[in-house]
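Visitor: Please show me the model, and then take me through one residue and its surroundings.

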Amino acid sequence: KWVMAIGRRFKGCVRASTTETIHRRMEMFRAVRVLLSTMLGAVLLLGLTAVSWAKTEATVIVTHNKEYGNILTDSSGRSLYIFSHDKQHESTCYGSCAQTWQPFVLKFGQPVAGKGVTAKLGTITRKDGSRQVTANGMPLYYFAGDKKPGDTNGQAVNKAWRLVSPS
């Protein structure tokens, strides 16, 4: 009896504080909702910006080399190679091979063919999930021994690596 009497006596106070708590929580919920909406908008904007930057991330161009003629390079002039042990649409260069012969990868979008490139550019998905650029279905690579744009030190290494022609 005594506990019930105390409960009835303070019943109004409990309701008032509960109502006040509910209003505070609703205000916090609204503030969090506005904050999350703003953050989502920012993420979407950054995502769309990244996609638009990616269009030029993997541009393949034709560069004239005095010794080998016209070859494919990336937009900064770094030579691109194909590996004779690869199959169309499939890379076989992993582990230590991929450390010496780095795959030409693309994070977003599709590769772009510069003026004079007639090879069909595309991508394959490597075992690690990265997207490697291809020319006529053959995966493209950089050679770690090429120190500056225009170097072609990987040509004919182990009779398995060769520069790529524009077609």
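This is a predicted model: local features need pLDDT of at least 70, side-chain atom pairs count only at pLDDT 80 or more; totals for chains, interfaces and linings use all residues.

Visitor: How many helices and strands are in the chain?
Guide: Helices (H or I, at least four residues) and strands (E, at least two) are DSSP runs, numbered from the N terminus. Along the sequence the pattern reads α-α-β-β-β-α-β-β-β-β-β-β-β-β. The chain has three helices and 11 strands.

Visitor: Is Thr-59 buried or exposed?
Guide: Thr-59 belongs to strand E1, residues 59–65. Buried means under 20% relative accessible area, exposed over 50%, and partly exposed in between, with a 1.4 Å probe and protein chains only. Thr-59 has 14% relative accessibility, so this residue counts as buried.

Visitor: Which strands stand at the edges of the sheet?
Guide: Three strands form an open sheet of mixed pairing, in the order E2-E1-E6. Strand E2 (69–74) and strand E6 (112–113) each have a single partner strand, so one side of each lacks a neighbour in the sheet; the edge strands are E2 and E6.

Visitor: Which residue in E6 is the bridge partner of Thr-59?
Guide: Two strands pair if DSSP finds at least two bridges between them. E1 and E6 pair in the parallel sense over two bridges. The partner of Thr-59 in E6 is Val-112.

Technical notes. Residues are numbered from 1 along each chain as its sequence is written. Side-chain values use heavy atoms; hydrogens and water are left out.
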